[in-house]
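Good morning, colleagues. Please look at the sequence and the structure on the screen while I describe them.

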Amino acid sequence: MKKIEVIIRKSKFDEVKEALHQIEVNFFSYWDVTGVGNEKEGHVYRGVSYSTSDIQRRFLSIVVSDPFLEITINAILKSAGTGEVGDGKIFVSEVLEAYRIRTKEKGIESLN
């Protein structure tokens, strides 16, 4: 099993969520995060200067079976990208074990 951690633009969240549902990834966790990225310039809006170095993003945490990893990553890449700086990052790590508390199932069976 693999854990996919994704940081994306908030504006792309609905598209990413829909893309994940289309490939039958129906469970994942997400939360709003703030990070510091490569974009260093400030912007002026209505005469007020503000920094864009602190960037509002959405963080997703998804656990999938090994064969489903590439399909999931491709869905995220296709739906989250704009081609601009700040599109986000994807991190993949190994999951040693997973359990479903209600049924006591473990392993891949606990993901469905």
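In which segment is Lys104 found? Lys104 is found in the segment after strand E6 (88-94). Before I continue, a note on conventions: this is a predicted model, in which local features need pLDDT of at least 70 and side-chain atom pairs count only at pLDDT 80 or more, while totals for chains, interfaces and linings use all residues. Residues are numbered from 1 along each chain as its sequence is written, and side-chain values use heavy atoms, with hydrogens and water left out.

I turn to the overall fold. The protein chain has two helices and six strands; helices (H or I, at least four residues) and strands (E, at least two) are DSSP runs, numbered from the N terminus. Along the sequence, their pattern is β-α-β-β-β-β-α-β.

Next, burial. Of the 112 residues in the protein chain, 33% are buried; buried means under 20% relative accessible area, exposed over 50%, and partly exposed in between, with a 1.4 Å probe and protein chains only. As for contacts (heavy atoms within 4.5 Å), among those in the protein chain between residues at least 6 apart in sequence, 70% join residues at least 24 apart.

Lys104 has a phi near 70 degrees, a positive value in a residue other than glycine, and Lys104 is exposed, with a relative accessible area of 64%. Glu24 lies in the loop between helix H1 (13-22) and strand E2 (29-36). Its phi is also near 70 degrees, again positive in a residue other than glycine. Glu24 counts as exposed because its relative accessibility is 66%.
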